[in-house]
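Please open the structure in a viewer and keep the selection panel at hand. The stops below are to be visited in order.

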Amino acid sequence: MRFLGRWLGQSLTLAAGILALALFAQAPGFAEHYMTALEQRAQEQRTDIAGRIDVARRFYSLPDNADARAVLLHLTEREPANAESLRHSAQRLAALETAHRRLAEAAPLLRPLLALPALAGGNDAVADVADSALASYTPRLPLSLSALFYGIAGLFLGVLLAEAAVSLAGAPFRRAPPPARPW
């Protein structure tokens, strides 16, 4: 019976280690996918803002060389809700660009760690992009140094956690040593 218990414990430990390796090796690939999603969403936001400013210029017969600030001032006087919506879009664009720039300037090995706060919540615009990137991410087996690093870290962490779980699960079934005889 001990043989089966040890075999099962070792099998669970190995399976947990391999699972953690495969999961953690995805981190660099997801970070790249997330960076691409940030850039695409920022581009969509830029296009939306430029289109809304262009519509406001034409609607209010403003000169073509009127910059966004002038259009926003004009909108604030005439349509405060529309101006506020445009300001909110500009803030969302700034958050997306900041998140993308922070990831792009970081070393590839650190990018997955910098992407974690977005998955945890934080800024709504950035968290929405992280959620959609996670939903559309396709797992793959990346062959890169950073994937190898994260995979090995996952292997160690998975084995450590599995060993701890197996040890805790087996504790009630261990026999207590016989009492020592005082001679």
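Predicted model: local features only at pLDDT ≥ 70, side-chain atom pairs only at ≥ 80, totals over all residues.

Begin by selecting Gln26, which is found in the loop between α1 (2–24) and α2; helices are DSSP runs of H or I with at least four residues, numbered from the N terminus. Gln26 is buried, with a relative accessible area of 14%. Here buried means under 20% relative accessible area, exposed over 50%, and partly exposed in between (1.4 Å probe, protein chains only). Setting aside neighbours within four places in sequence, Gln26 is in contact (heavy atoms within 4.5 Å) with Tyr137, Pro139, Arg140 and Pro142.

Residues are numbered from 1 along each chain as its sequence is written, and side-chain values use heavy atoms, with hydrogens and water left out.

Next, select Tyr34, Leu38, Val71, Leu75, Leu96 and Val126. Of the 30 residues in the largest nonpolar core, these touch the most other members. Such a core is a set of buried Ala, Val, Leu, Ile, Met, Phe, Trp, Tyr and Cys residues joined through side-chain atoms within 4.5 Å. Helix α2 (27–59) gives the most to this core, with nine residues. Centre the view on Leu75: apart from neighbours within four places in sequence, Leu75 is in contact with Ala56, Tyr60, Pro80, Asn82, Ala83 and Leu86.

Proceed to Ser61, in the loop between α2 and α3. Ser61 is exposed, with a relative accessible area of 63%, and has a positive phi of about 55° although it is not a glycine.

Which residue forms a salt bridge with Glu32? Select Arg111: the closest N and O atoms of this pair are 2.9 Å apart. A salt bridge is a side-chain nitrogen of Lys or Arg within 4 Å of a carboxyl oxygen of Asp or Glu. Glu32 lies in helix α2 and Arg111 in helix α5, so the pair ties together parts that are 79 residues apart in sequence. Arg111 is buried, at 12% relative accessible area, whereas Glu32 is partly exposed, at 36%.

For another salt bridge, select Asp48 and Arg52, whose side chains meet at 3.2 Å, N to O. Both residues lie in helix α2, four residues apart, about one turn of the helix.

Notes. Helix = DSSP H or I, 4+ residues; strand = E, 2+ residues; numbered from the N terminus.
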